[in-house]
Amino acid sequence: MTVAGFRFERRAILPWWVRALVPLISAALALIVAGLMLTATGYHPLSVYRQMYDIAFGSSIAISATLVAATPILLTGLATAVAFRMNARNIGGEGQLYVGAAAATAAGIAVGHQSSAIAIPAMVLAGMLAGSVWILVPALLRAYLRTSELITTLMLNYVGGLLVTYLIFDSTSYVRDTTSAGGLVYPQGRMIGYSAMWPAITGSGLVIPFGFLLGLVCAAVLFVIMRFSLLGFHIRVIGDSTSAGRYSGIPTSRVFVTVMLISGALAGLAGASQVGDLTHTLDPRGLQAAQYAWTGIVVAAVVAYNPLGVVPSAIIIGGLVNAGLALQGSSFPLGLVGAIEGIVLFGVACGLVLSHYRPARTSYRRPSRRLEPAPEVSVSPAKEPR
Amino acid sequence: VNNSLAISLVVAGILYGTPLVIAGLGELLSEKSGVMNLGIEGYMLMGAVSAFWVVTRMTGPSALVLTVAVIFAAVVGMLVALIYAFATVSIGADQLMCGLAIWIFAGATGFSSFVGSDANLGGIAANYSLQPLNVLGLGNVPILGPILFDQNALVYLSWVLVPVVWFYLNRTRTGLHLRAVGEEPASADAQGISVAQYQYCHVAVAGAMAGIAGSFYTLAISSAWLDGITTGAGWIALALVIFVFWRPELLLAGAYFFGALTGVGPNLQARGVTVPPEVFSVLPYLMTIAALVLASTVWTRTRHGAPNSLGLSYSREGH
């Protein structure tokens with residue numbers, strides 16, 4: 001392909017700075033397109049961005065709020081990173097997050113009067129377990145019946161959404177508030193016990209939610225697993241070539257199921273963190289409107305599924321989400337944040353291909369007359385080795 | 001007779017199945033060219049919000065306004081699909097990631113919501129909606145009347161589209177070339193068929209038809225706009241194409257089956273059955289999983305009808 005005197009040739013090696021440019025250019029593209037959307041609807045993009053920046057990173061209070069928003073995104077980002085690295089396309093993080101939140105709420109109510117040392121681990125485990133259970137069927141179907149996990153995991157998002165709606169709005173379930181006056185007037189979730197509420201670490205004006213710290217631990221553990229363990233090696237081999245993995249004797253089905261269960265557990269933990277850190281009750285509407293798992297896919301794709309890279313990525317996009325939650329509807333129309341995330345992902349997907357090419361002058365390839373004497377060199381008798 | 005549960009379930013099947021038929025046919029054509037549209041739900045939502053925008057802003061004869069709304073929905077769906085085609089066909093980017101990107105961009109918390117929110121479309125009633133056309137007064141005939149002769153224009157359109165797509169795929173030269181592109185793009189290219197041109201055109205058609213399918217939600221099913229109004233129908237259409245083995249005639253039956261499943265809840269509730277609505281709402285999603293399992297195991301081990309190079313980007317250099 002030749003454009004304006006340049007043609008694009010494939011790079012032999014991909015320098016690190018080209019890789020680093022991909023997410024940056026994608027982000028710039030997203031801000032430009034979103035700016036056009038805002039201009040077209042009568043808003044002033046620069047002042048909107050300014051406002052968003054102030055809300056997201058402008059002060060230590062803003063950064064604390066951003067960390068709260070980043071917590072579920074960090075965990076769903078890790079859930080995506082571990083699965084997508086081996087081409088296990090778990091796009092059912094939403095559903096796993098909902099049931100994780102529901103199970104963690106139930107645990108938080110059940111053992112919420114015990115000490116925090118019991119209640120909080122119980123919530124974490126309940127959330128992770130529920131998330132894994134939710135992904136178990138698609139994982140087994142894919143591993144042993146070759147049913148594409150893509151649509152089966154996705155369908156369970158809707159089932160999970162309906163399940164949590166049912167628990168609060170259409171049943172008298174354990175997690176629904178059926179005792180207080182407010183709960184009788186309008187359906188709402190039952191509060192978890194006081195000692196089940198997750199603590200926050202405060203210092204120098206910053207409030208770091210406990211879930212975020214859990215996310216950091218998970219990121220580090222995942223990084224170590226991916227880099228230094230046999231499972232991580234298997235994941236990377238299968239991710240690069242499933243057939244290579246199979247021929248070399250890796251139990252691909254078993255690794256696949258394991259990875260999917262880990263991914264589901266992390267998404268479930270994201271749901272648990274939302275209940276433990278923030279809402280302290282099951283809030284089906286809020287969970288479904290937030291779309292944390294879809295955001296997690298963007299967060300992970302931007303850093304090429306590197307578990308450690310997910311951390312800064314989640315903080316930056318968490319800032320965007322935080323600003324969106326605070327300003328959406330009043331300062332700009334709903335949906336801006338999702339649109340920005342979509343464009344970023346789009347740019348990264350395209351950039352992944354484009355970065356493998358570099359522009360070169362077309363004249364470079366034109367056969368030059370000066371090369372004529374060359375045959376003399378090439379036809380000269382080969383020297384004997386040694 | 002016409003008010004019996006069986007008849008109203010069939011009618012509901014047609015009502016909720018029609019968007020699946022229209023979007024599914026478009027997706028089928030696109031997949032036959034080797035391009036999968038995971039973002040089809042996004043196209044549908046864009047079509048839905050665009051059509052609703054037209055019927056709330058425009059005044060005039062009902063037929064004209066509705067025609068403009070449907071065409072506008074098709075154009076918007078097509079434009080979004082062309083962005084996707086640019087990325088996947090021209091650049092050769094990963095279809096799965098681009099599809100998800102389009103869905104996140106246009107989806108329930110993305111651009112479709114942005115448009116709906118900016119134009120204040122939520123919670124207002126449409127001035128125009130698609131009404132059933134009682135053909136030749138036959139709509140009151142027992143049994144067949146409400147099923148065949150009392151539908152709205154888009155349903156009749158979908159009935160025309162099914163044989164047209166079948167004929168196009170199986171009996172025309174262009175259809176043959178299309179299948180060649182999806183099976184072996186390199187051979188098709190060597191024959192002088194422009195792979196990119198075929199893929200662009202059919203992705204655009206998929207977008208336009210998904211846009212129309214989306215408009216069915218805001219014009220016929222609910223006559224209102226809310227974020228994510230299609231509730232996963234685009235994803236179900238995507239699955240539908242797989243388990244009808246890429247055959248348009250089976251797609252019609254499959255879509256109506258899923259439509260009927262969606263209609264079970266509202267119908268039973270209207271008849272005083274008090275079961276939580278979620279119990280019936282999960283049926284289409286669970287049945288989609290069951291059908292995919294059947295399609296991948298019991299019915300056939302080989303992927304019957306699946307285009308050979310589905311989901312793979314084609315470039316002459318072979319990268």
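1. In this predicted model, chain B and chain A bury about 4000 Å² between them, and 79% of that area is on carbon and sulfur atoms. The size of an interface is often given as the accessible area lost when the parts come together. Chain B puts 50 residues into the contact and chain A puts in 47 residues.

2. On the polar side, five residue pairs are in polar contact between chain B and chain A, counting pairs with both residues at pLDDT 80 or more. The number of salt bridges between chain B and chain A is zero.

3. Which elements of chain B give two or more residues to the side that touches chain A? They are helix 3 (62-91), helix 4 (95-106), helix 5 (111-118), helix 11 (233-243), helix 13 (277-281) and helix 14 (283-296). Helix 4 of chain B supplies the largest share of this side, with nine residues. By type, the residues on the side of chain B that touches chain A are 32 nonpolar, 12 polar and six charged.

4. Over all chains, the whole structure holds 14 aromatic pairs. One of them is formed by Tyr158(A) and Tyr285(B), which are stacked, at 4.9 Å centre to centre with 10 degrees between the planes. This pair joins two chains, because Tyr158(A) belongs to helix 6 (residues 149-169) of chain A and Tyr285(B) to helix 14 of chain B. Tyr285(B) has 8% relative accessibility and therefore counts as buried, the cut-off being under 20%.

5. A second pair is made by Trp103(B) and Trp235(B). Their ring centres are 5.9 Å apart and their planes stand at 85 degrees, so the pair is edge-to-face; planes over 60 degrees apart count as such. Trp103(B) is in helix 4 of chain B and Trp235(B) is in helix 11 of chain B, 132 residues apart, so the pair links distant parts of the chain. Both tryptophans, Trp103(B) and Trp235(B), are buried. Together with Trp294(A), Trp103(B) and Trp235(B) form one aromatic cluster.

6. Ser309(B) is found in the segment after helix 14 of chain B. Is Ser309(B) buried or exposed? Its relative accessibility is 9%, so Ser309(B) counts as buried. The side chain of Ser309(B) comes to 2.6 Å from the backbone oxygen of Gly182(B). Apart from its neighbours within four places in sequence, Ser309(B) is in contact with Gly34(B), Val181(B), Gly182(B), Glu183(B) and Pro185(B).

Conventions: Residues numbered from 1 in each chain as written. Chains lettered and ligands numbered in written order. Predicted model: local features only at pLDDT ≥ 70, side-chain atom pairs only at ≥ 80, totals over all residues. Heavy atoms only, no water. Contact = heavy atoms within 4.5 Å. Buried area = accessible area lost by both parts, 1.4 Å probe. Salt bridge = Lys/Arg side-chain N within 4 Å of Asp/Glu carboxyl O. Polar contact = N/O pair within 3.5 Å; in protein donor to acceptor, adjacent residues only side chain to side chain. Helix = DSSP H or I, 4+ residues; strand = E, 2+ residues; numbered from the N terminus. Nonpolar A, V, L, I, M, F, W, Y, C, P; charged D, E, K, R; others polar. Phe/Tyr/Trp six-rings, centres within 6.5 Å; stacked < 30°, edge-to-face > 60°. Buried < 20%, exposed > 50% of the residue type's maximum accessible area, 1.4 Å probe, protein only.
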